[in-house]
Amino acid sequence: MKKYIAVMLALAIVFSTSLVAFAASDYSEEAPKPGDSIATGGTTGAGASAMQPAGVVAGAQLEIGKTDTIYITQGATIDKAAIEKIKNGKTPITFVSQSYTITLTPGAISAPKDLSLGLVLASNNGMLEIFPVSKGDFGLFMTITIMADELRNMVNPHLYYFGDDGKIVDYGLVTVKGNKATISISHASGYIITDKVISGSVAGVMTPTTTTNTTTGPHYNPATGVSA
């Protein structure tokens, strides 16, 4: 199963379609340099604007309280100390990349650890595939908002998860507004947003039926911190 996910990640990188970006044209095209891309959480410097996205979010440099938005590169990382600062803070922090945002909420963090904030997104046969770069449990719930034209024509789309056991789990309805969808996840594996019904093993991911979803499944409410 792990080999399958690795192959899917590789294919997603190669065949990913153009997704509508958060001010993509405003982002710096240069790769971040380790010495000058650490976010401060301030109103100037790395992470303060789309023109200067941060490649690293480190607790030693991060100041909580000056801003609730930090711009990041697609492959940005955040260390344990930074997540601990967010956990002990009072407001959520949103990390904005070219094609998605990730929001970390103090009450949704249970076990801070080093994480990648990278996601691989790909369109496949009417499905939007999402592969977190991090491994295993995050130790928190991250709320992700994705922008993609593929979402516009979906009717009552659901979020599906497939893990190392190869089984597909329906996580329930996804709220879509225009070309934006918001989900909350706590574990790295493969996720799919689609209005096609998928069930059984991961092999069925490539050949879903065309029946519209009518059921609901468990979801995480970041406002209450409760899964239901």
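A polar contact is a pair of N or O atoms within 3.5 Å, and within protein one of the two must be able to donate a hydrogen and the other to accept it. That definition applies to D195, whose side chain has a polar atom 2.9 Å from the backbone nitrogen of V155. The model is predicted, and the points below should be read with that in mind.

**Nonpolar cores**

- The largest nonpolar core comprises 41 residues, and those with the most contacts inside it are I78, F95, L104, M142, I144 and I193.
- Strand β8, which spans residues 137-147, gives the most to this core, contributing 5 residues.
- Another core lies apart from it and has 8 residues, including M127, F131, F162 and I168.
- Once its neighbours within four places in sequence are left aside, I78 is in contact with V57, I83, I86, F95, L104, K113, D114, L115 and L117.

**Helix α2 and its cover**

- In helix α2, formed by residues 80-87, the buried residues are A82, I83 and I86.
- Viewed down the axis of α2, these buried residues fall within an arc of 100 degrees, and they therefore line one face of the helix.
- The elements that cover the buried residues of α2 include β1 (54-57), β2 (69-78), β3 (93-96), β4 (100-109), β5 (115-116) and β8.

- D195 sits in the loop between β13 (190-194) and β14 (220-221).
- Although D195 is buried, it has no salt bridge, and the nearest side chain of opposite charge, that of K196, is 5.0 Å away, whereas a salt bridge requires a side-chain nitrogen of Lys or Arg within 4 Å of a carboxyl oxygen of Asp or Glu.
- What D195 does have is the approach of its side chain to V155, where a polar atom lies 2.9 Å from the backbone nitrogen.

**Salt bridges**

- The count of salt bridges comes to 2.
- One of them joins K66 and E63, with the closest N and O atoms 3.0 Å apart; K66 is exposed, at a relative accessible area of 51%, while E63 is partly exposed, at 40%.
- In another, the side chains of R152 and D149 meet at 3.3 Å, N to O, and D149 counts as partly exposed because its relative accessibility is 39%.

Definitions and conventions:
Residues are numbered from 1 along each chain as its sequence is written. This is a predicted model: local features need pLDDT of at least 70, side-chain atom pairs count only at pLDDT 80 or more; totals for chains, interfaces and linings use all residues. Side-chain values use heavy atoms; hydrogens and water are left out. A nonpolar core is a set of buried Ala, Val, Leu, Ile, Met, Phe, Trp, Tyr and Cys residues joined through side-chain atoms within 4.5 Å. Buried means under 20% relative accessible area, exposed over 50%, partly exposed in between (1.4 Å probe, protein chains only). Helices (H or I, at least four residues) and strands (E, at least two) are DSSP runs, numbered from the N terminus. Contact means heavy atoms within 4.5 Å. The arc is that of the directions from the helix axis to the C-beta atoms. Lys and Arg count as positive and Asp and Glu as negative; His and the chain ends are not counted.
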